[in-house]
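Please examine the sequence and the structure shown below. The paragraphs that follow lead through selected features of both chains.

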Amino acid sequence: MYFKLAWRNMWRSRRRTIITISSIFFAMIFAILMRVIIIGMFDKMISDTVSMSCGYLQIHHNGYWENKSVDSTFEETPRVTFILDKEKEITAWTPRLETFALASSGERTKGMLVIGIDPKKENAISKLSQKLVAGKYLQDSDKYILLAQGLAEYLKLKVNDTVILLGQGYQGSMAAAKYPIKGIVKLGIPEMNKGMAWLPMACARDFLSTGARYTSISIMVNNRNNLAALKQNIKRQIGGNEYEVMTWQEMVPELDQLFQAKLGQNEIMSGVLYLVIAFGIFGTILMMLNERMHEFGILIAVGMRKGILARVVVMEMILMSIVGTILGMGGAFPIVLYFRVHPIHMSGVWGKEMEQFNFEPILQPSMDFSNFIIQGYAVLSIAVLLSTYAIYKIYRIKAIAAINS
Amino acid sequence: MSYVIEAHNLTKIYNPKTIPVYAVNGVDLQVEEGEFTALVGPSGSGKTTLLNLIGGLDYPTTGDVKIAGVDITKMSENKLIDFRLQNIGFVFQAYNLIPVLTASENVEFVMLMQKKPKREREQHAIELLKEVGLSDRLNNRPTELSGGQQQRVAVARALASKPRFILADEPTANLDSKSTENLLDIMAKLNKEDKMTFIFSTHDQRVIDKARRVVTLVDGKIVSDEKQTQSS
């Protein structure tokens, strides 16, 4: 009956309850949208970055990450690949042979990252074939190269043209070769789009004279929030000091820091919205206490303990917040879903600004429901926190003074 | 003789440090079980304050109140709330039912706080509302009831906890003649048949006529205490 009492009391002042619930509803929608857009932007950026470069986790020769030299490579080892194949948390992995080289065509030359790949495995991770804007994707036996669109444009090259690569090979050898272009891919992250190229693994090994060696194995996972445990697990299974396992946060800390900073900014904005909610709830509490003081006096007079009375009042506040929260989540969900399916392609100044920060100028919200839940918890916490004022006032009630009020 | 209520040298002073007002001034009062007592007197004579002190809603400045031998003026606030719940029924001038609950839920509410099982609560609430002539109004909310009906629900609520006595502060003040008559008949019947003790403050001559004992207060003091035979 206490629940029934709280629920019915909540609707006693219908208009006020609707106003309070509406403030929670709209603030929830805005808070959720802000959060899922920021998270979505970074999810995409992190996912694009790690899939094209280091992976969520990477195994490489101990010390490779310090100097990124092809001398710090390691030989193919079935033991490591066996461990990776049986780990359920790993969705895909691919070996890579990476080096920096100069790409040249005609009068133009540009420094870039050239990556030797296993075309099938690479495609499972970075979906390179889906990013083709011209030509075809690589095959294992090809002696072709794939260029990023920005690089191709800079070098004024198109499919079937030839690009000359110049770099340093294994153990100080000279690396020089020319490859016809099989395809051109467009990458979402502008910086990557201006300076990447891919060769089939055999070609890259030939170019760098490394023999059957890799620089790294990039790993993609189911849940990127569980990387630390997975890293330890893989490290323990591999054992020894020959290999190093690193997470993406360790390899590209600036990306993680940017993510955390943006999340912090978003939380400040959310804080403003929470303040709106807090004022709405607190106003309701104040008016409710004022209007019902006489009734509280009567309830205490007929034998209702203050603790029970406080519980009913807190229940009222929490119910109101739950209704607002659920409606807010329900209202936000179709909007988030729509923009997930139809992402906003930013153009003009906004788009350019995003590109400057190395974001692909696309706003595609995250569908991770935990972002909805977090906002719900925040609103409920506010309601509980503010209800302590009602509890305080109820415990100070003198029955006779309240009855006479 | 054992008394349900014993008040000794009861005094309540408002503004004791500035301009003291003696709302109740050295009152001694004993009430036996089964009494039907009216507290009468002009406005400001201290009737309501005396009822509040007897009912444990307020603490006296001096003196004590014993309910069935237990001194309630020494009790903590929480113990007093529990004591009221188990021993005292209240009927207020303005009915003061919980507006969002139905008649039967209002009656059940007191029993809920006594932690009685749901089935017992429901059954007892129906019996009580039948007793006050509202068996056809069980599921009506207070706003759907007349003033007289609301006050009868309030009486049923006061009875629900099976108290030792019921305190009623001007119970007929907001009622028309017919509703007053009806309510008085119910209270008199409960007093006669169930030996329920009633103490009420009133200005209403019809109520005074029904009382078997009339205590008159003036300026916080008892000036007369008379037993009378009922006309009906």
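In this predicted model, helix H6 of chain B, formed by residues 177-194, lies across strands S3 and S8 of chain B. Its direction runs at about 145° to that of S8(B).

The sheet to which these strands belong is open and consists of six strands of chain B, arranged in the order S6-S7-S8-S3-S9-S10 with mixed pairing. Strand S6 (88-91) and strand S10 (221-227) of chain B each have a single partner strand, so they stand at the edges and one side of each is left without a neighbour in the sheet. On average, neighbouring strands of this sheet are turned by 15° against each other, direction ignored.

Strand S7 (residues 165-169) of chain B runs parallel to strand S8 (residues 197-201) of chain B, and five bridges join the two. Within this part of the sheet, Ile166(B) stands opposite Phe198(B) in S8(B).

Attention now turns to chain A. Leu319(A) is found in helix H12 of chain A, which spans residues 306-341. Is this residue buried or exposed? Leu319(A) has a relative accessibility of 11% and therefore counts as buried, the cut-off being under 20%. Not counting residues up to four places away in sequence, Leu319(A) touches Phe3(A), Ala6(A), Trp7(A) and Met10(A). The C-alpha atoms of Leu319(A) and Ala383(A) are 9.4 Å apart in space, while the two residues are 64 residues apart in sequence.

Definitions and conventions:
Residues numbered from 1 in each chain as written. Chains lettered and ligands numbered in written order. Predicted model: local features only at pLDDT ≥ 70, side-chain atom pairs only at ≥ 80, totals over all residues. Heavy atoms only, no water. Pairing = 2+ DSSP bridges. Helix = DSSP H or I, 4+ residues; strand = E, 2+ residues; numbered from the N terminus. Axes fitted to C-alpha atoms, helices over the stretch in contact; angles between N-to-C directions. Contact = heavy atoms within 4.5 Å. Buried < 20%, exposed > 50% of the residue type's maximum accessible area, 1.4 Å probe, protein only.
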